[in-house]
Amino acid sequence: MVSSTGAIALVVVTVAATAVLGLWYSRGTDSIEEFISARDSVGTRTLVATLLASNMGGWILFSPAEAGAAFGGVTAVAGYALGSAAASLVYVVVGPRIRRLIPEGHTLTEYAFVRYGPAMYAYVLLVSVAFMFVSLAANMTGIVGVLSLVAGVPAWQTAGLVGGFVLLYTAYGGLRASIFTDTVQLLVVLPLLGVVFAVTLFTLGGPGPIGRTVATTDPTLLDPGFVPGLLFGVYIVVAIAGAELLNQSWWQRVYAAEDGETVRRSFAISGLAVAPIVLVAGLFGVAAAGFDLLEGPGDASVALFVLVLETLPEWVGLVVVLLAVLLVMSTADTLFNAIASVVTADLPRLLDSPSERSLTLAARLTTVAVALGAILIGARAYSVLALFLTADLFAVAAAVPLVYGLYSMRASEYGMLAASVAGLLVGLAYLPTTHGLLSALVPLPEPSFLRAFLGAAAVSAGLAVLSARLTDARFDPGALSREIGLLGSDHAVDDD
């Protein structure tokens, strides 16, 4: 086990250095537009870096490895890699259209209100914030588990240090600070990940001996035709790609890009780049299971770290701790700011002409509230992958109905709301993580992740298309640009 003092010292230095960089770079950030959108200011290289850092995030060290160890070996890992790529590639098409139809927008909830109305807006607001918050809590849970496993650091210390320092620079600098620190973190993370992978291969004897050991322990881990792994791969692609359409952090970066072509190019590059990284990270979980290092189901969430702790030199454990902290910070600052932007962009609709200073203060206070909540939940031990899958289902059910309004002018508020709710109910009926609780209230079919995600996606998408075909309603797409304007200016959101 890595020394607790050494691990805490490394965490403190890492988070403090990142906070100082974020505060320095974002000094003078007073404009609310700059705080929550950094509009038209980011070129391709920087946008690729922030997309890749945020897309990787802390989950890359937890969920793919857990999938490989407990959900189906290499086929499950391959599915995770494809799903991660698909999440970015969807925005190659959707991102430029968002900018074209809503040039002065900020959030997906603004769009939902103007395009559909208050009922669909309320539903999308609830689902998107819940999805992002659970994702944030899952990352905090992961880093808490890592420091506890590797160095015996108490949960409250880890959650407080990581969450507190990220809060410090994010509440001050907003999206500008998040994008800059993402770029710096990525420059450190990629070499560290390469070092850990290379040392692991060398220490364990290379791909051949590792493969033979894994095959001897459990041949299904390396079987590309292993049915549970294939099924996991199918539904995880749907889960990730659908859910990310309700991730406000991606909508923010669509607006932060210099232009539509930058959006298209950057999301394509980041999508193609993240797939092999996820694949490598997931193989650590396969190796941990193949070397029979996982003593209980709870170890699957930290399979990569169990492998490092049990088989590699102590200094590698410290490198992995540094890697985990940086990745969790890149996700946390992204989601802190994303959730704050959703709330702040809606305030002009709820308050009577709030000043720009009031909006900026509200954004910072919201960031504080979100951070405190994530720290509290992160101090508890849950399966990271289970948390992500639960959050993903809620978002998947609303994804197609929400985005469909960008393409079909016949999509109506209650048609899309009914489609979203119906898809969610179908998904919840099958979702294993909620099945026990709900089955005590009503009779439910046998739980299945595959049926949950495919059912939610198919039912919501099918009903969305069907309801649009059955209505005579026509939406004026020009209303999106007329009614959604810059914050803190005369061109504000208009309820009329």
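User: What does the accessible surface of the chain come to, and how much of it belongs to carbon and sulfur atoms?

Analyst: The accessible surface comes to about 18000 Å², of which 68% belongs to carbon and sulfur atoms, with areas taken from the Shrake-Rupley method using a 1.4 Å probe and, for residues, only the protein chains shown counting as cover. This is a predicted model, in which local features need pLDDT of at least 70 and side-chain atom pairs count only at pLDDT 80 or more, whereas totals for chains, interfaces and linings use all residues. Residues are numbered from 1 along each chain as its sequence is written, and side-chain values use heavy atoms, with hydrogens and water left out.

User: Why is Ser-460 called buried?

Analyst: Buried means under 20% relative accessible area, exposed over 50%, and partly exposed in between (1.4 Å probe, protein chains only); Ser-460 has 0% relative accessibility, and therefore counts as buried.

User: Which polar contacts does the side chain of Ser-460 make with backbone oxygen atoms?

Analyst: A polar contact is a pair of N or O atoms within 3.5 Å; within protein, one must be able to donate a hydrogen and the other to accept it, and residues adjacent in sequence count only if both atoms are side-chain atoms. The side chain of Ser-460 reaches the backbone oxygen of Ala-397 at 3.4 Å, and one of its polar atoms lies 3.2 Å from the backbone oxygen of Ala-457.

User: What makes the pair Arg-264 and Glu-261 a salt bridge?

Analyst: The term requires a side-chain nitrogen of Lys or Arg within 4 Å of a carboxyl oxygen of Asp or Glu, and the closest N and O atoms of Arg-264 and Glu-261 are 2.9 Å apart, so the pair forms a salt bridge.

User: Why is Glu-261 described as partly exposed?

Analyst: Its relative accessible area is 39%, and Glu-261 is therefore partly exposed; Arg-264, at 33%, and Arg-265, at 35%, are partly exposed as well.

User: How do you know that the span of helix α17 is close to the expected one?

Analyst: Helices (H or I, at least four residues) and strands (E, at least two) are DSSP runs, numbered from the N terminus, and the expected span of a helix is 1.5 Å times one less than its number of residues. Helix α17 has 18 residues and reaches 27 Å from its first C-alpha to its last, close to the 26 Å expected.
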